[in-house]
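Here is a short report for a first look at this structure. Please keep the sequence and the 3D view open while reading.

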Amino acid sequence: MSPSGQDPYEPDGIPPQRGLPDFEAGFAALHPDAPLPRRVAVVRILMFIGGACGIALSLLLLQGLVIPRAQMEEALAAQAQMLGEQGVQLEISVEMMRSLITVMAAVTGVYGVLSTLLAARIRRRTLGVFWGVVLFQGAAGALLLWNLLSGALEAVVPLGFAVYMITVMFSREARAHYGLL
């Protein structure tokens, strides 16, 4: 040491860097008490929103099942007449319409419940939660892609969200949080 108390090998009093500077910062997510990474928290919020929308849409669709048979026949006849004027023939029965409504309500309801359940459990650092989110969003994305390719252009927005959530779950910080590094 020099008489002034400063190490003569340290220029201008700046200590030399020892080791790798970002080594600890890159693995902070591996600590057991590490908070949920921000991007994974965004996935959690999006899954809660999607789950609530799925449950609400399912309940709205189920309201269509309580319409009296005569009223539904009247509505289907009016639709058939409007389409007939345009040269399109509509042949759908009340039973077929009710079964379509039931299937759509079941699909959106199951999506809503599973999305909400996974969003509630996403803070747990288990491989089951990680792969559950990835597989769930992958299945939702595949269904949305099928809808998009079938001509439903409005499926592009939720498909983008599904792809974003899968991408976030495979990011370095999310994999580190779930112990997959």
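## A leucine in helix H2

Is Leu-59 buried or exposed? The model is predicted, and in it Leu-59 has 53% relative accessibility. Leu-59 therefore counts as exposed, because the cut-off for that class is over 50%. Leu-59 sits in helix H2, which covers residues 38–63.

Leu-59 also belongs to a nonpolar patch on the surface.

## Another residue of H2

Ile-49 lies in helix H2 too. With a relative accessible area of 49%, Ile-49 is partly exposed.

Ile-49 and Thr-116 are 67 residues apart in sequence. Their C-alpha atoms are 8.3 Å apart.

## H2 against H6

Two packed helices are described by the angle between their axes and the distance between the axes. How do those values look here? H2 packs with helix H6, residues 156–169, at an angle of about 145°. The axes of H2 and H6 are 9 Å apart. Their crossing is left-handed.

Which residues meet at this packing? From H2 come Arg-39, Val-40, Val-42, Val-43, Leu-46 and Met-47. From H6 come Phe-161, Tyr-164, Met-165, Val-168 and Met-169.

Side chains of opposite charge can pair when their charged atoms come close. How many salt bridges does a search of the whole structure find? It finds three.

One of them joins the side chains of Arg-39 and Glu-173, at 3.7 Å from N to O. This pair links distant parts of the chain. Arg-39 is in helix H2, and Glu-173 is in helix H7, residues 172–177. The two are 134 residues apart. Arg-39 is one of the H2 residues that meet H6 as well.

Both partners are partly exposed. Arg-39 has a relative accessible area of 35%. Glu-173 has 31% relative accessibility.

## A network around Arg-69

Arg-69, Glu-73 and Glu-95 are linked in a network of salt bridges. Arg-69 forms a salt bridge with Glu-73, with the closest N and O atoms 3.4 Å apart. Why are these two about one helical turn apart? They are four residues apart in helix H3, residues 69–85, and so about one helical turn separates them.

Arg-69 meets Glu-95 in another salt bridge, at 2.5 Å from N to O. This pair also links distant parts of the chain. Arg-69 is in helix H3, while Glu-95 is in helix H4, residues 94–121. The two are 26 residues apart.

Arg-69 has 41% relative accessibility. Glu-73 has 38%. Glu-95 has 46%.

Definitions and conventions. Residues are numbered from 1 along each chain as its sequence is written. This is a predicted model: local features need pLDDT of at least 70, side-chain atom pairs count only at pLDDT 80 or more; totals for chains, interfaces and linings use all residues. Side-chain values use heavy atoms; hydrogens and water are left out. Patches are made of residues with over 30% relative accessible area and no salt bridge: like charges are joined within 9 Å, nonpolar side chains (Val, Leu, Ile, Met, Phe, Trp, Tyr) within 5 Å. Accessible areas come from the Shrake-Rupley method with a 1.4 Å probe; for residues, only the protein chains shown count as cover. A salt bridge is a side-chain nitrogen of Lys or Arg within 4 Å of a carboxyl oxygen of Asp or Glu. Buried means under 20% relative accessible area, exposed over 50%, partly exposed in between (1.4 Å probe, protein chains only). Axes are lines fitted to C-alpha atoms, for helices over the stretch in contact, and angles run from 0 to 180 degrees between N-to-C directions. A crossing is left-handed if the near helix is turned anticlockwise from the far one by less than a right angle, and right-handed if clockwise. Contact means heavy atoms within 4.5 Å.
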